[in-house]
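Please load the model in a viewer and keep the selection panel at hand.

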Amino acid sequence: MNLTNLAALAAELLLMPLLAFSIGLFLVLLMRRIGARLQRRVGPPFFQPLADIVKFYAKETQISHGLIHDIGIVMAVGGYVAAEALLPMPGMNGLADKGDVLTLIYFLMIPSLGLALGVGQCANPNGSIGISRALTAMVAYDIPFVIVIFGVAWHYGTTNLVDMIAMQQAAGWGLWDMPLLAVAGLLSLQGMLGKQPFEIYVAPAEIATGPMVEMGGKYMGGLFVMQAFQLYTAGALYATLFLGGGDGHWPTFLLQVFVVMAIPMSIAFQFPRYRTEQMISWFWRWPVALGLAGIALVMHF
Amino acid sequence: MTPLDTLFILSACTLAVAWAFGRRPAAGGLIAVLYGGQILALAKMSGLASGALTMIAASPSFEVLGQALSWRFDGPAWFFALITLGAAFASAWFMAGEWGEGYRRKGGRLGLLQVALALNVSSMLLLLASGDLLSLFIGWELMSWASFLLMLSAGGVAVRWAFKYLIYALGGAMALLGALAWIHAQAGSLQYAAVAGLFATLSPGQAWTLVLAFAAGFGIKMALLPFHLWQGPAYAETPGPGSAFLGAISSRMGLFGILVVLVHLAGLDLLDRLLIPFTHLDARDLLGWVGAFTLIVPTFIAVRQHDARHLLAWHGIGQGGYMLIGVMQGDALGSAGGLLHVFNYATYQAALFLVVTAVVHRTGTADLNKLGGLVTRMPLSFLVMLVGIIGLAGLPPMNGFVSKWLIYRDLISSGRPLMFVATVIGTLGTIISVYKLIHNTFLGQLRMEHEDIREAPWSMLAPMLGLIVIVFLTGLMPGLVLDWIAPVQAALGLPVLDHSLGGVDLPNGGLDMLWVVGLLFAGFGVGALLFLAGNRHRYVHPLDNYAGGHFLTTEVRYHYSDDFYPGLMHLIGGWYRGSIQWLERALVSALDFLAQWSQAWFRSAQPALWLLGVTVFALWWVV
Amino acid sequence: MNAVVLAVALPLLGAFLTPSLARLSLPLGRLFGPGLLAFCLWLLWGIARALGDATAGVALGGFAPPLGIAFHLDRLALLFALAVPAMVLALWPWGGRPREWSLTLVLAAAATGLALSGDLFNLYVFYELLAVASYGLIAANQRPAAQAAALRYLLLSAAGSALALLGIALVYTQTGTLNLAQLALLAPVSLDGPLGLAAFALLLLGIGVKAEAFPVNTWVPEVYATAPSRLAGLLAGLVSKLAVLVIVRLLLVVFQRPEATQLMLVLGVLGIAWGELAAWRARDLSRQLAWSSVGQLGIVFVAFSLPGETGVLAGLAVALHHLLVKPALFLLARHWNGALEGLRGAARRAPLAGALFALFALSLVGVPPLPGFWAKFVTLSGLFAQPGPLCSLAAVVILTATLVEAAYLFRTLTLLFGPGGEEPRMAPHGALDLGTATAFAGLLLAGVIWLQPLTGDLHGIARQAVDMDTYVDTDLPTPRP
């Protein structure tokens with residue numbers, strides 16, 4: 001690998017997380033504006049999410065419960081920063097050919113682990129309950145999610161995200177070829193983002209916001225950053241798998257990401273909350289059934 | 001005198017030293033050094049690992065009953081021997097020093113433990129070196145009995161479970177003996193070449209009987225379903241370093257047996273040809289699915305455990321299922337994944353068992369509901385457990401991720417969605433279970449009675465830290481271990497995996513751990529920078545916690561530990577029916593009933609009348 | 001060669017002389033029997049060495065068969081004839097009364113005669129003598145349980161003897177001779193039909209009483225449990241093997257028919273199943289060992305039922321192994337009497353005895369490289385080599401029975417080595433018992449070390465035993481037309 005390639009790669013590795021974060025901020029704004037409209041409010045101004053994060057980082061009182069608490073937040077943010085390099089953007093592939101979609105999925109588990117460790121050190125039972133529910137929720141939505149990943153990988157014959165985009169550019173969006181899988185993917189996305197009716201792990205009134213109970217200052221700021229990254233990553237991954245990754249054009253890509261994210265957000269604000277076992281039971285039935293049906297179609301036609 | 005002879009002699013010396021001096025804690029260091037010496041002797045045979053040599057024979061060979069017994073090392077033997085000796089070395093190092101003294105002080109039989117460990121190692125080396133089916137059986141029996149001795153050594157509750165293990169193990173041994181005798185009767189010889197030739201000529205019925213007999217015989221040692229009930233408690237009740245050794249490698253001897261007999265001698269093609277009527281499954285699928293269910297069921301049994309050792313022991317059974325799935329896939333990626341998992345699993349499982357033992361040593365309990373918050377008192381032990389659980393869960397950057405990635409990748413390429421989902425279910429169960437382990441032990445509230453405990457001593461920390469360094473390095477550079485696996489695949493007749501130092505380079509989605517781990521740590525670096533860019537933080541007292549207006553005091557126990565996953569258990573709690581436990585009890589009752597019947601016959605009151613009746617019957621039969 | 005008669009005659013004579021000698025001087029009487037047996041052992045050893053690989057027939061009194069009685073000396077007969085004085089010496093009732101010494105000498109004489117006999121009449125006589133000696137020895141114990149056991153044994157044995165006599169009568173009417181060599185020539189024709197088979201069945205059941213064959217083995221547990229351990233060891237170890245030897249001789253020489261071997265196989269399988277199952281629920285050690293003995297003898301039956309050289313080899317291996325192990329176990333059980341529950345922790349106070357028990361248990365179960373494994377392996381291999389489902393079924397039964405045996409033996413062992421609660425209420429093992437058991441263990445381990453030459457010897461013995469031409473030629477040297 002010569003010097004120009006190395007320089008280009010370094011630039012991409014810096015740019016991709018930065019862009020992801022920025023787009024994520026706007027996705028947070030989108031979420032809050034949609035929520036506001038559905039609740040007949042105006043909603044926050046344009047740069048509110050960024051302002052919130054700056055406020056958190058700049059607070060005077062920053063309480064930590066121990067070194068693992070700190071490391072947990074570092075892992076939560078750092079994991080996502082690293083994951084962005086594996087998720088291709090229009091014009092930038094980053095390290096997507098050194099690690100495929102399976103690696104990306106595992107990278108997305110690292111922030112959750114970091115958060116879990118940090119919350120554990122906080123020693124607040126509300127937080128631990130929240131993590132317990134979050135992990136249980138993971139058992140729920142991950143199964144249809146990996147079914148979808150399997151189906152998509154089988155259909156394209158590859159687990160390399162760059163190749164998947166290329167194939168969709170040649171042959172058309174995955175959405176038309178794998179409609180059932182796309183729906184199942186959208187449903188599992190609802191669980192992955194922790195949006196109502198699947199936000200049991202937060203449960204603000206019941207367990208005092210769960211994992212966030214002892215987070216303040218830059219710790220809460222870190223969680224906000226993580227949320228921005230999470231919204232972007234979910235949307236971008238879905239767009240890459242099913243919508244051709246924007247066909248290599250930034251406007252199309254951004255539009256796809258925002259539309260894809262708008263769907264769970266709109267659904268979310270209209271629902272109350274499922275209990276944990278209801279969530280598991282629901283996920284193990286309908287999205288799984290759809291996903292398996294989708295795989296059957298994909299593998300036999 | 002071949003290098004293999006040197007290894008055997010060293011092993012016998014270790015056994016002798018353990019017998020003579022094992023009960024003195026001071027001798028533990030010498031024994032650990034001897035195990036290190038055995039590793040060096042093994043390293044002398046590293047030609048087997050690089051593929052330069054295919055076989056190193058041992059000098060002794062006998063002929064009994066017309067059968068030639070010989071011993072030799074090849075690629076697979078070297079690989080498994082490395083893991084065995086590494087686990088033994090770590091366990092022995094752990095035992096030498098404070099743990100041994102403490103064990104002795106509490107009335108444990110340290111000498112018996114040392115002897116049992118050395119006997120296990122020697123018999124495993126003998127098993128791995130077998131050059132024909134008869135010496136394989138002899139080694140298998142010796143190893144089974146040695147494991148029995150190791151499980152017994154703690155006394156008390158352990159004896160009951162060791163006895164249960166014995167029954168299972170002997171049942172498996174009888175299946176193997178029957179298969180062996182049948183092969184001897186048909187082929188006249190138990191040399192590997194003759195056996196392979198026999199397998200090629202069998203009718204489906206005969207082949208099925210043999211395959212099932214061998215799978216059952218070896219599978220019982222691996223605790224494959226439905227023979228899984230003995231291993232969890234039996235390994236958990238073995239004294240600490242013993243359980244680390246057993247968990248790391250003992251069950252994998254069953255996998256070795258399956259590799260030698262079913263994969264190499266019988267061949268996966270034969271297994272493909274054995275169809276199960278009325279389904280589209282064959283014997284290979286059957287074994288793969290047995291592996292899948294072995295992965296899922298024991299993992300979810302582990303979720304319910306609240307004793308740390310039992311939790312780890314049940315996970316051990318589950319991870320064996322991964323290895324079987326990988327091996328049964330039979331192609332380069334899958335089999336490499338399965339074999340790599342044997343190595344990876346041994347490293348982090350040994351570390352986890354050792355750290356749990358260290359916690360028990362300091363706090364006196366392994367009950368997850370009675371621990372908590374130890375990270376402030378035992379930070380290095382926390383680090384070991386953290387690396388261990390990341391490995392066990394299969395997350396990057398540790399080595400567990402690579403072997404799981406290989407298996408997943410292979411399942412996708414070969415188009416097996418249901419198996420893929422089954423393995424993912426297993427992984428998810430593992431993740432939730434290991435988080436509970438680390439949360440209940442090291443995170444959360446520190447108990448009053450544990451305020452004064454200290455970090456584990458260096459004699460215990462050193463082997464644990466060494467193990468996690470190996471876990472990380474082999475995660476960073478999996479090519480190192482994949483180099484050793486290539487000759488194993490070649491020797492077993494499996495396709496060899498093309499790999500690089502960092503992983504595999506596939507055209508349709510590969511893995512390069514050097515880049516991946518580098519990326520991860522770069523991300524962590526950025527995260528750290530962002531963190532430090534914020535305002536200064538300060539540390540607060542653990543009791544300074546949001547409690548809804550209440551004051552927290554040290555006597556108030558607010559650590560969330562018991563019934564950690566109530567939501568999940570609400571749903572799946574009713575699925576734990578214990579059917580196989582019922583089956584076990586039913587078999588024992590049936591045996592009791594039959595035994596009572598036979599005893600009654602012996603006690604019959606009128607022997608002469610009975611004899612008359614028998615004579616009449618005999619005459620009738622004759623005429 | 002004629003001196004071999006001394007091996008039978010001397011112990012008989014000694015049996016008559018012992019009471020008088022003992023009244024004269026007790027120590028002399030005590031040493032007289034063992035001295036005689038040692039002499040017989042030396043004598044037989046010399047004969048065996050002189051004979052080497054050949055066979056010899058001894059016509060007693062110079063009367064040639066079929067009129068006179070004959071002894072047939074081949075390696076198989078001499079092997080067992082050597083085993084008799086050796087075992088009786090090892091298990092000699094040193095602490096008994098003179099009448100017990102007499103009866104033991106009678107037992108030794110009868111057993112030697114049984115091993116060496118060459119015709120049915122002789123076999124029957126010595127068998128009856130053996131039975132009478134064993135009645136006396138068992139009944140020597142005055143306890144009511146022992147008397148009841150002895151009575152049951154007497155009934156069964158007497159009935160069995162009657163059956164055996166009936167069988168011999170049948171043979172005589174069909175063929176007109178009782179000499180085994182002549183029967184070998186005549187049997188294929190005269191004993192071919194159902195009458196011949198009936199004769200075999202009768203003989204099998206009759207002699208099978210001593211051989212602990214199913215279904216005539218109901219006497220075994222009570223007798224072994226109540227008789228003195230040395231006697232139990234002698235009966236279980238030596239006498240039963242000799243009875244099996246007689247049956248095998250009959251099978252090989254006279255009744256070479258598939259139905260006969262099938263009958264033996266079936267009885268053997270039933271014996272294994274019944275014995276091991278009953279042992280599972282045993283509540284004291286002697287009964288457990290007794291039932292285990294029944295099971296092991298079932299395996300011996302099954303092994304000998306295999307045709308040809310393999311059968312004799314397998315049967316010999318299992319029989320010899322049991323010959324070593326069972327008496328030693330009974331010796332160890334002597335001081336471990338009473339309920340099994342009461343033995344908790346007993347081995348911790350007697351570690352050598354515990355280790356020996358473990359060694360013997362491992363060998364019984366068949367753990368390589370101990371001899372028990374090789375014996376089982378040969379048997380199983382031979383069974384699987386036979387066509388037909390019955391032999392494979394027998395093999396599966398043997399494997400399952402081994403599992404059950406291991407279960408109860410090691411249940412006992414974990415009890416023995418378990419944490420002992422109370423004070424030792426039983427005396428430690430006698431030095432003689434322990435020493436003898438150690439000697440047996442040493443022989444067992446020697447068997448492991450010298451496994452190759454040992455199997456070679458056994459092969460030779462087996463080959464010679466099935467060679468009917470040599471058998472006939474030895475006893476009937478006159479040229480046949």
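Select chain C and colour by sequence position: of the contacts in chain C with a separation of 6 or more, 78% join residues 24 or more positions apart. Please bear in mind throughout that this is a predicted model.

In a cartoon view, chain C shows 20 helices and two strands. Its radius of gyration is 21 Å, close to the 23 Å that the globule rule gives for 481 residues, so chain C is as compact as a globular protein of that length. The C-alpha trace of chain C extends over about 75 × 60 × 45 Å along its principal axes. Of the 481 residues in chain C, 59% are buried.

Next, display chain A together with chain C. These two chains do not touch, and their nearest C-alpha atoms are 42 Å apart.

The contact between them draws 61 residues from chain B and 71 residues from chain A. To find the side of chain B that touches chain A, select the elements that each supply at least two residues to it: helices H18 (399-413), H19 (417-442), H22 (513-533) and H23 (566-572), with strands E4 (511-512) and E5 (538-539), of chain B. Highlight H22(B) in particular, as it provides the largest share of that side, 13 residues. Colouring this side of chain B by residue class gives 39 nonpolar, 18 polar and four charged residues.

## A helix pair within chain A

How do their axes cross, and at roughly what angle? The axes of these two helices of chain A come within 7 Å and cross at roughly 150 degrees. An angle over 145 degrees counts as roughly antiparallel, and H2(A) and H9(A) are therefore roughly antiparallel to each other. The crossing of H2(A) past H9(A) is left-handed.

Show side chains for the residues that meet. On H2(A) these are Pro49(A), Asp52(A), Ile53(A), Phe56(A) and Tyr57(A); on H9(A) they are Lys218(A), Met220(A), Gly221(A), Phe224(A), Val225(A) and Ala228(A). By class, this contact consists of eight nonpolar, one polar and two charged residues.

Conventions. Residues are numbered from 1 along each chain as its sequence is written. Chains are lettered from A and ligands numbered from 1 in the order in which they are written. This is a predicted model: local features need pLDDT of at least 70, side-chain atom pairs count only at pLDDT 80 or more; totals for chains, interfaces and linings use all residues. Axes are lines fitted to C-alpha atoms, for helices over the stretch in contact, and angles run from 0 to 180 degrees between N-to-C directions. Helices (H or I, at least four residues) and strands (E, at least two) are DSSP runs, numbered from the N terminus. Angles under 35 degrees count as roughly parallel, over 145 as roughly antiparallel, 65 to 115 as roughly perpendicular and the rest as oblique. A crossing is left-handed if the near helix is turned anticlockwise from the far one by less than a right angle, and right-handed if clockwise. Two residues are in contact if their C-beta atoms, placed from the backbone, lie within 7 Å. Ala, Val, Leu, Ile, Met, Phe, Trp, Tyr, Cys and Pro count as nonpolar, Asp, Glu, Lys and Arg as charged, and the others, Gly among them, as polar. The radius of gyration is taken over C-alpha atoms; the globule rule is 2.2 Å times the number of residues to the power 0.38. A residue is buried if 20 or more other C-beta atoms lie within 10 Å of its own, exposed if 12 or fewer, and partly exposed in between; C-beta atoms are placed from the backbone.
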